[in-house]
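Reader: I am new to this structure and would like a close look at a single part of it. Could you take one place and work outwards from there, explaining each term as you go?

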Amino acid sequence: MFIALFEHTPALYSAILVSVVAFTVRTCVSLHPYSGAGKPPLYGDFEAQRHWMEITYNLPISEWYFNTSRNNLEHWGLDYPPLTAYHSWLCGAISFQLDPHWVALETSRGHESYAHKLFMRRTVLVTDLLLYFTAVWAFVHVLFRTQPVTHKVGLAAVLLLQPGLILIDHGHFQYNCASLGLALWGIVAVSSHFDLLGSVAFSLALNFKQMELYHSVPFFCYLLGKALRSRSPTQKVTLLGITVVTTFGVLWLPFLADMETALQVLRRQFPFERGLYEDKVANVWCTVSVFVKLQRLLSAASVLRLTLFTTVAAILPSSWALLRNPTPYTFILALGNSSLAFFLFSFQVHEKSILLAALPLSLLAHWHPFASLWFGVLASFSMYPLLTRDRLALPCWALSLLFLMLSLAFLQIRQRRVSPHQKLLFAGCVGLLLATCSLSHLVTPPPKYPHLFPLATSVVSCVQLLGFLGYLHYLQFTAGDGKDIKTHNE
């Protein structure tokens, strides 16, 4: 198998080769269409990212989040936290040096020249290499330093070749690799007892994308649980608090000149008026809508309260368990539980938010390779309606097959046998999901139900995600009280 080739290869060469393969795969996917390609007037996420470069480079900070004569918020107004804005400014500054037309104020809307598309794709590749690639190798080498080379290479390959992240960032076009990479750096740091550095890294992740709130409760509970068990709990909690507040303060400083500016930045990040969920997302509310239209029965405020209550209820058991038993292993399980709870039950969920759950499930490949394999395939195909619209169906199938082969090879390295019942369950559940995806290409839906197959894909995915939520809770509540990650290595 591919991974077995590294058994007698020096670790550095192995890391380089796997990274080159992962980089090449990303480059190949980037040759496919992106969100909104050739679809005026709004285009898609590609234009949104380009527009943010245009706005941040040409306008003063005081106008970035406000609707003005030069900044029409109806055309992809900036709605991510300050670190994304700074990243957009940097990319915009480089873009201006290469070709001022790419970020010319107002006249560059919808710009899609070949050279500019290459530049935009490369900004994602560079961001991915600097933040996500480095975090993956830090994770496998720092937390599993005693494991053989083949194990570390296999784990890194599984993490670097997650189909969902590659398809969204390098196909659809986003920078999830930045926030997920920073979050992973935070996981590595706090799992290695560098709690202050980990707090900085996760604060940066949260200030790049507000969806990192999906991971925030486990970070809080893990650090608090560790602090309460330290020799100086008060001092430890105080230092952690100062670190987080200082990091946020530095990033938000330009927006703290007056209260209205700060509130506007927050309002842009949490647009509750947009609706309960986006399109055909594989969460509970989209599934429930097949039978009951909640937004017709309840007021907007009641729906918001319902989502808040169910999300908190789904998060609390795992958070309490982590607070009582804060180990790196239970921390990663809690990250999976929290992100799944947010995805399944919270308000204004996007299809792409499943990537936040895919990160901790990928990290669990060391302990539970079969579950990680299953979730990797499930996460990518749960976004199939979105990927189909972006003409990314072919790379979705190809990447998922590659990921499946790598994961099976990793199963052999871990010497984990999959029972016949597990194989049957996997074949049935994933087979049904793939069938709904295939039917969307092969069968014309009834005129009365034009979205039949995308909705079926979402419902089938949702049921399996609920199963994973229950499974992860079971693993967390039955985990031991080991003090070190090595306790759970086998």
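Author: Alanine 427 counts as partly exposed, because its relative accessibility is 47%, where buried means under 20% relative accessible area, exposed means over 50%, and partly exposed is what lies in between (1.4 Å probe, protein chains only). The residue is found in helix α20 (residues 420–442), helices here being DSSP runs of H or I with at least four residues, strands being runs of E with at least two, and both being numbered from the N terminus. This is a predicted model, in which local features need pLDDT of at least 70 and side-chain atom pairs count only at pLDDT 80 or more, while totals for chains, interfaces and linings use all residues. Residues are numbered from 1 along each chain as its sequence is written, and side-chain values use heavy atoms, with hydrogens and water left out.

The whole structure holds 25 aromatic pairs, a pair being two rings of Phe, Tyr or Trp (its six-membered ring) whose centres lie within 6.5 Å, with planes under 30 degrees apart called stacked, over 60 edge-to-face and the rest tilted. One of them joins tryptophan 374 to phenylalanine 468 in an edge-to-face arrangement, at 5.8 Å centre to centre and with 90° between the planes. This pair links distant parts of the chain, since tryptophan 374 is in helix α17 (residues 369–382) and phenylalanine 468 is in helix α21 (residues 452–477), 94 residues apart. Ring pairs also connect these two residues with others, so that Phe370, Trp374, Phe375, Phe426 and Phe468 are linked into a cluster.

The cysteines can be looked at next. A disulfide is a pair of cysteine sulfur atoms within 2.5 Å, and by this rule the count comes to zero. The sulfur of cysteine 429 is 13 Å from the closest cysteine sulfur, which belongs to cysteine 462, and this is too far for a bond; cysteine 429 itself is partly exposed, at 22% relative accessibility. For cysteine 286 the closest cysteine sulfur is also in cysteine 462, at 8.2 Å, which is again too far for a bond, and cysteine 286 is buried, at 2% relative accessibility.

Finally, some backbone features elsewhere in the chain deserve a careful look. Most residues other than glycine have a negative phi, and most peptide bonds are trans. The peptide bond from proline 40 to proline 41, however, is cis, with omega near 5°, and proline 41 lies in the loop between α1 (11–29) and α2 (45–58). Glutamate 106, a residue other than glycine, has a positive phi near 70°; it lies in the loop between α3 (82–98) and α4 (114–143) and is partly exposed, with a relative accessible area of 42%. Arginine 391 also has a positive phi, of about 60°, although it is not a glycine, and its place is the loop between α18 (384–389) and α19 (393–413), where arginine 391 is exposed, with a relative accessible area of 52%.
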